[in-house]
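These are my notebook entries on one structure.

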Amino acid sequence: TSYGTINTMVPDAGTVTSLHDYVAGALGDYADDYDIEAIVDEYRDAINERLADQGIVLAGDEFYGPYPRPENAGEIIADAIKDVDFWTIVERHDKTA
């Protein structure tokens with residue numbers, strides 16, 4: 001069951017519709033200094049690791065999970081995302097270092 005896309009589940013995603021665009025937007029003018037694809041992959045894996053016990057997965061740019069959808073699915077996903085240290089992942093993929 002679809003639970004929504006990255007832009008409907010990440011509070012600061014704004015209007016971006018892909019995890020790639022979310023990461024690139026967060027990096028702003030410095031995006032070219034980083035391996036965005038590697039960041040996206042590691043970030044998705046870290047989010048999925050935190051969601052695994054709930055049966056929810058971020059596949060591509062969309063969250064999927066069991067039916068019926070838990071009433072607090074958005075909160076579960078938001079908490080999992082909050083638990084991931086995005087900037088630590090970013091640092092590991094700095095091409096200028």
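How are helix 3 and helix 4 oriented to each other? I noted that helix 3 and helix 4 are oblique to each other, as they pack at an angle of about 125 degrees with their axes 9 Å apart. The classes I used are roughly parallel under 35 degrees, roughly antiparallel over 145, roughly perpendicular from 65 to 115, and oblique for the rest. Axes are lines fitted to C-alpha atoms, for helices over the stretch in contact, and angles run from 0 to 180 degrees between N-to-C directions.

I kept the ground rules here. This is a predicted model, in which local features need pLDDT of at least 70 and side-chain atom pairs count only at pLDDT 80 or more, while totals for chains, interfaces and linings use all residues. Residues are numbered from 1 along each chain as its sequence is written, and side-chain values use heavy atoms, with hydrogens and water left out. Helices (H or I, at least four residues) and strands (E, at least two) are DSSP runs numbered from the N terminus.

Entry: helix 3 with helix 4. I found the crossing to be right-handed; a crossing has that hand if the near helix is turned clockwise from the far one by less than a right angle, and is left-handed if anticlockwise. Tyr43, Ile47, Arg50 and Leu51 of helix 3 meet Ile76, Ile77, Ala80, Ile81 and Asp83 of helix 4, contact meaning heavy atoms within 4.5 Å. I sorted this contact into 7 nonpolar, no polar and 2 charged residues. Ala, Val, Leu, Ile, Met, Phe, Trp, Tyr, Cys and Pro count as nonpolar, Asp, Glu, Lys and Arg as charged, and the others, Gly among them, as polar.

Entry: helix 2 with helix 3. Helix 2 (residues 19–27) and helix 3 (residues 36–51) pack at about 115 degrees, with axes 9 Å apart. That makes helix 2 roughly perpendicular to helix 3. Their crossing is right-handed. On the helix 2 side I listed Leu19, His20, Tyr22, Val23, Ala24 and Leu27, and on the helix 3 side Ile36, Glu37, Ile39, Val40, Tyr43 and Arg44.

Entry: salt bridges. I searched the whole structure and got 3 salt bridges, each a side-chain nitrogen of Lys or Arg within 4 Å of a carboxyl oxygen of Asp or Glu. Arg44 forms one with Asp41, the closest N and O atoms being 3.7 Å apart. Both lie in helix 3, 3 residues apart, about one turn.

Entry: I recorded an open sheet of 3 strands in the order 1-3-2 with antiparallel pairing, where two strands pair if DSSP finds at least two bridges between them. Strand 1 (2–5) and strand 2 (57–59) are the edge strands. Strand 2 is joined to strand 3 (residues 62–64) by 3 bridges, and Leu58 has Phe63 as its bridge partner.

Entry: a peptide bond. Most peptide bonds are trans. The bond from Tyr67 to Pro68 is cis, with omega near 0 degrees. I placed Pro68 in the loop between strand 3 and helix 4 (73–83).
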